[in-house]
Amino acid sequence: MQNHSNIISTMKKSIIIAACAMVLASCCNQYPYSHELTVNAKDALVKTQQGTLCGYIEDGIYTFKGIKYAKAERFMAPEDPDSWEGVQTALYYGNQCCQAPRFTWKDDAEAFLYQWDDGVQSDDCQYLNVWTKGINDNKKRPVMVWLHGGGYAMGASSELPFYDGANLAKKDVVLVSINHRLNVLGFMDISDYGEKYKYSGSCGVLDMIKALEWVNKNIAGFGGDPNNVTIFGQSGGGGKVNILLDAPKAKGLFNKGIIESGSMINFQDKNVAREMGNAVVKKLGLTAETIDQIQTIPYEQLLAAATDAIVEANPTNIFYRLYGAGMWFGPQVDGEVIPFQPTDPRVAEISKGIPTIIGCNHSEGSMLESVYKNADIRLALGDTKAYLYVFAKPSPHMDGTFGTNHCTEMPYVFNNIYLGRFMVGNDKSCYKLADFMSDVWVSFAKDGNPNVKGFKWEEYNPETKPMVIFNDKTTTAHKGDQVFEDMKNLKREQWVYRQPMY
């Protein structure tokens, strides 16, 4: 048996070690017991137009998840959500849109890097989430609305761990992320089958606009400024920013846009989209008289018929067979929801004066020209300011072969390195760059000016084509600099691991 002094000495050592561990872990934001969490029926209440919501508070951030911003029948335009009496909880993410099984789960390396959460999938998927430093305080914080990636076929606001908005909210913005209809449910045009299906090919776009309308009407209660909204997204989410820049119904609902690795500059022709929709209806064995059955056909059957129709029309393209027909369906120029292609000068009537940040990652060299071309288009619209970037800090994982692949900038933008550590690493340099990049994004959201202390971002011009290169040492490059030649010459076969497809 130990004597009294030895026991006391051992206890002191244990207490000191435990205290040091707590301080160290707390500093690194990794120790679960260092967090303050309040979940009750009185401290996180916000009244919206539909009713009162109850969220929770963690580390000083008020969090509301799974808020219903719209309701809709299949292939029909969204409507305002139902109201309720009393208090409704908003504690966990809502449903995400039905989508094809994620083929890439079969790739062990990719599953490790991304750590996807495919959630609960449903036709009922119009939900959003809010993170904020204050509620009911009459403060007008800038609002940032996140549009997730996944092309127009897959994904959700909660699919990747680093989409969590708490760390951006700590920088005094209100962060909103949304789910909406995707793939055949969001973009399959069956408008030939009746007035009720007039907007079937644009349901996904109308959902996003409805979410922005909800923000406009309700975000003040969450401490946000409805007149200072930035939309930002990556990959397909970047394409969605382009969509909303072209959508008259979205005019006035946001003031700034950020396009990360998603400079979509062409949308589908309505006639082509309508023909494909008709082909899917035929595959389902439906007619004009029986078309309403399409509203209750199981999603798997609907997707299978769409995939058969797409593959039949594109017999040499195995992409659609592997990833499902949803990857074919996307936004269309329908003359109303999206009246013009992004290259049409008439777009200036809709989005003139909205500044943008546009960029891609170093390993995405093929995107570089499209980044320059969206920037040139935006500049041609008149008084619009554009800021271009390349993200160039490589991931150390997979023997360095993952590099600066698709999505690697997002843990930095969200200041969520720990939540994205399986993709980008977890050393001090990552946290430093993430703190800086998120500061830049937040600064842009506040007033359209991305400059922060010690950093000045040169506005884009077509002569010198300035572009910021984000890395441990952030610099500015211009047309003809070596970094761009390196991007163009980077060979895909240099990467050992299979590349993500969206």
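Which residues have the most contacts inside the largest nonpolar core? They are Phe64, Val130, Val145, Val176, Ile294 and Phe329, in a core of 101 residues. A nonpolar core is here a set of buried Ala, Val, Leu, Ile, Met, Phe, Trp, Tyr and Cys residues joined through side-chain atoms within 4.5 Å. Buried means under 20% relative accessible area, exposed over 50%, and partly exposed in between (1.4 Å probe, protein chains only). The model is predicted: local features need pLDDT of at least 70, side-chain atom pairs count only at pLDDT 80 or more, and totals for chains, interfaces and linings use all residues. Residues are numbered from 1 along each chain as its sequence is written, and side-chain values use heavy atoms, with hydrogens and water left out.

Phe64 touches Ala44, Val46, Leu53, Cys54, Gly55, Ala90, Leu128, Asn129, Val130, Ile135 and Phe222, residues up to four places away in sequence not being counted. Contact means heavy atoms within 4.5 Å. A second, separate core has 45 residues, including Met144, Ala169, Ile357 and Met410.

Strand S18 spans residues 467-470. Helices (H or I, at least four residues) and strands (E, at least two) are DSSP runs, numbered from the N terminus. In a regular strand, side chains alternate between the two faces of the sheet. Both faces of S18 are covered. Met467 and Ile469 are buried on one side, Val468 and Phe470 on the other. Strands pair if DSSP finds at least two bridges between them. S18 runs parallel to S17 (residues 386-391), joined by 3 bridges. It is antiparallel to S19 (residues 475-477), again over 3 bridges. Val468 stands opposite Tyr389 in S17 and has Thr476 as its bridge partner in S19. S18 and S19 form a hairpin, with 4 residues between them.

The axes of helices H5 (residues 203-218) and H6 (residues 236-245) come within 11 Å and cross at roughly 80 degrees. H5 is therefore roughly perpendicular to H6. Axes are lines fitted to C-alpha atoms, for helices over the stretch in contact, and angles run from 0 to 180 degrees between N-to-C directions. Angles of 65 to 115 degrees count as roughly perpendicular. Val205, Met208, Ile209 and Leu212 of H5 meet Lys240, Ile243 and Leu244 of H6.

Pro248 lies in the loop between H6 and strand S13 (256-260). Pro248 is partly exposed, at 36% relative accessible area. Leaving aside neighbours within four places in sequence, Pro248 is in contact with Glu336, Val337, Pro339 and Ile350.

How values were computed:
Angles under 35 degrees count as roughly parallel, over 145 as roughly antiparallel, 65 to 115 as roughly perpendicular and the rest as oblique.
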